[in-house]
Amino acid sequence: MTLSQFLLSYSLLIIASIALLTYWITRRFVLKKVNRKIMKAEHNYQQQIADLQSRLSSKVHMLEGMVEKLQLSNQELNRLNEIRSKFMSVVAHDLRQPLSSIQGFTSVLMMDHHTQTNQAHATTNPDQVALNNILKATDNMNQLMADLMDISMIESGRLKVDAQPFSFNSLVDDVFTLQLVNAQKRGIFLYKHDYPKEITVVADRFRLSQVINNLISNAIKFTPQKGKIEIYFYAQNGNLTLKVTDNGAGIVHDEKEKIFQKFHQADNIRGLKKQGWGLGLSIAQEIILAHNGEIGVESAGLGQGSTFWFTIPQQIAVTTTAH
Ligand SMILES: Nc1ncnc2c1ncn2[C@@H]1O[C@H](COP(=O)(O)OP(=O)(O)O)[C@@H](O)[C@H]1O
Ligand SMILES: [Mg+2]
């Protein structure tokens, strides 16, 4: 071995020893320190997770408590709603009896007066006027009682649709004849456009007459003297449509949906708000929905008149219940 070879091996040995020493020092001190830091961070992290978990479970617990309370108050609300509905129906039912007695006695008194007084002065006679007012008031009360009973029936899901086949043309005729008198009394021109063919429907005649009566009586109420109301109806693609168009008060856009809600009356003619309770259209809507139909209104705005319409299938399932 030459000197240079010996030196080279010797330096390689020294370098290897230094490398080993460096590795040992790094492992012993630096890596251990890093390891300790990592473990500490992991520990902190786990603690934070545990903390978050306990906060989350306490929130879940709180939410569960709130849901339970909400369910209880919901049950209570349903119970109170049922009581209110029953109360409304009982009161409305029990008030009808004395009301019809008042109506009966008033009619008798009116007839007595009529025969005693001169027929020509019947409308100006103060007694007759008073008796007439009593009759009108009891009529309104009767209508309200009937509406309240319907509302309570609808709310408790007891509104039945008794579907039978009948001629829709003759139903419109009947309602028209009844309402013509009211329109004439108010100096309003009521016109019916007859459909050239007989339309047979399978539906609830009484309930549909209620809807048509309401639409026409509303039109009469919200149309000024010398105004015009027209009734159209037709059958198309298995559906039946009826429209009542008037040139009266009209409805602003924002109110078009609201007027179908219970007790809602639009501000179109302030004085007329008092002549009603805002129940007719909501009942009409429930009846039409129970017939799987649609009801709505079109109006260009205040003073522009309105068109109320409904569409139902010509034939609905034989007996269904609303809601
Ligand atoms: N033909 C109509 N023209 C203008 N407004 C109407 C007409 N029909 C109904 N309305 C509006 O819809 C509201 C609700 O009608 P309704 O439910 O029948 O209740 P009511 O007749 O007792 O007021 C009415 O108060 C009125 O503001
Ligand atoms: Mg009405």
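**Close-up views of a predicted model**

**Figure 1. V252 and its partners from elsewhere in the sequence.** Once neighbours within four places in sequence are set aside, V252 is in contact with G301 and L302. V252 itself sits in the loop that runs between β6 (239–246) and α5 (280–290). Is V252 buried, exposed or partly exposed? It counts as partly exposed, because 14 C-beta neighbours lie inside 10 Å, where a buried residue would need 20 or more. For a sense of scale, V252 and L70 are 38 Å apart in space, C-alpha to C-alpha, and 182 residues apart in sequence.

Figure 2. Of the eleven residues of α5, nine are buried, so the helix is largely enclosed by the rest of the structure. Here are the buried ones to look for: G280, L281, I283, A284, Q285, E286, I287, I288 and A290. Just after α5 comes N292, with a positive phi of about 60°.

**Figure 3. Helices α3 and α4 where they meet.** How do the axes of α3 (residues 168–185) and α4 (residues 205–221) cross? They come within 10 Å and cross at roughly 30°. That angle is under 35 degrees, and the two helices are therefore roughly parallel to each other. The crossing of α3 and α4 is right-handed. On the α3 side, the contact is made by L171, V172, D174, V175, Q179, N182 and A183. Helix α4 brings R205, L208, S209, I212, N213, I216, S217 and I220. Taken together, the residues of this contact divide into eight nonpolar, five polar and two charged. A handy reminder for reading such lists: an α-helix has 3.6 residues a turn, so residues three or four places apart point the same way.

**Figure 4. Stepping back to the whole protein chain.** The views above belong to a chain with five helices and nine strands, which follow the pattern α-α-β-β-α-β-β-α-β-β-α-β-β-β along the sequence. Its radius of gyration is 41 Å, well over the 20 Å that the globule rule gives for 323 residues, so the chain is more spread out than a compact globule. Along the principal axes, the C-alpha atoms fill a box of roughly 160 × 45 × 40 Å. Of the 323 residues, 21% count as buried. Among contacts with a separation of 6 or more, 72% join residues 24 or more positions apart.

Notes: Residues are numbered from 1 along each chain as its sequence is written. Chains are lettered from A and ligands numbered from 1 in the order in which they are written. This is a predicted model: local features need pLDDT of at least 70, side-chain atom pairs count only at pLDDT 80 or more; totals for chains, interfaces and linings use all residues. Helices (H or I, at least four residues) and strands (E, at least two) are DSSP runs, numbered from the N terminus. A residue is buried if 20 or more other C-beta atoms lie within 10 Å of its own, exposed if 12 or fewer, and partly exposed in between; C-beta atoms are placed from the backbone. Two residues are in contact if their C-beta atoms, placed from the backbone, lie within 7 Å. Axes are lines fitted to C-alpha atoms, for helices over the stretch in contact, and angles run from 0 to 180 degrees between N-to-C directions. Angles under 35 degrees count as roughly parallel, over 145 as roughly antiparallel, 65 to 115 as roughly perpendicular and the rest as oblique. A crossing is left-handed if the near helix is turned anticlockwise from the far one by less than a right angle, and right-handed if clockwise. Ala, Val, Leu, Ile, Met, Phe, Trp, Tyr, Cys and Pro count as nonpolar, Asp, Glu, Lys and Arg as charged, and the others, Gly among them, as polar. The radius of gyration is taken over C-alpha atoms; the globule rule is 2.2 Å times the number of residues to the power 0.38.
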